[in-house]
Amino acid sequence: MSGGDQHYYFGGGDHVTLHGGSGNVGIDKRVTPAQELPPDVQEALRALLVLAQGLRAQVPPASADALDVALPALRAESDVPPPERHRALLAVAGIAATVGTLGTPIVQAVNHILELMGAK
């Protein structure tokens, strides 16, 4: 690199810097450990999972597949970034909204979780 070296770090992925020579080996792991969810959010997520798993048998196969994609991010013990969990919550609420009254408790549970997480 020339005189005014600039370094930019985007996101939380791996970053490798090489400074001349050959055979350089090095990696800077910039991974932030996930924060543990508060107990009330964990409990609400567990309750939502039970409801969502019950809903799965009541929806068309394409919606069931979408639930299968979303549900792992909603496990309280899942180490997922907050935006991914938020997207999964919205996906589940969207699917639940399409089935009418059967989905109402799920939509309410998602709204409650979003409130607990300060995302609403």
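This is a predicted model: local features need pLDDT of at least 70, side-chain atom pairs count only at pLDDT 80 or more; totals for chains, interfaces and linings use all residues.
Isoleucine 95 sits in helix α3. I looked up its relative accessibility next: the value for isoleucine 95 is 11%, and the cut-off for buried is under 20%, so I noted the residue as buried. I also checked isoleucine 106, which lies 11 residues from isoleucine 95 along the chain; their C-alpha atoms are 9.4 Å apart.

I then turned to the helix pair. Helix α2 covers residues 61-70 and helix α3 covers residues 82-97. I read an angle of about 155° between them, with the axes 9 Å apart. Angles over 145 degrees count as roughly antiparallel, so α2 and α3 fall under that heading. I recorded their crossing as left-handed.

Which residues meet where α2 packs on α3? From α2 I listed Ser63, Ala66, Leu67 and Ala70; from α3, Ala88, Ala91, Val92 and Ile95. Sorted by class, this contact has 7 nonpolar residues, 1 polar residue and no charged ones.

Last, I went through α2 for burial. Its buried residues are Ser63, Ala64, Leu67 and Ala70. They span an arc of only 120° around the axis, and therefore lie on the same side of α2. On the other side of α2 I found Pro61, Ala62 and Val69 exposed. What covers the buried residues of α2? I noted that the cover includes α1 (39-56) and α3.

Terms used:
Residues are numbered from 1 along each chain as its sequence is written. Side-chain values use heavy atoms; hydrogens and water are left out. Axes are lines fitted to C-alpha atoms, for helices over the stretch in contact, and angles run from 0 to 180 degrees between N-to-C directions. Helices (H or I, at least four residues) and strands (E, at least two) are DSSP runs, numbered from the N terminus. Angles under 35 degrees count as roughly parallel, over 145 as roughly antiparallel, 65 to 115 as roughly perpendicular and the rest as oblique. A crossing is left-handed if the near helix is turned anticlockwise from the far one by less than a right angle, and right-handed if clockwise. Contact means heavy atoms within 4.5 Å. Ala, Val, Leu, Ile, Met, Phe, Trp, Tyr, Cys and Pro count as nonpolar, Asp, Glu, Lys and Arg as charged, and the others, Gly among them, as polar. Buried means under 20% relative accessible area, exposed over 50%, partly exposed in between (1.4 Å probe, protein chains only). The arc is that of the directions from the helix axis to the C-beta atoms.
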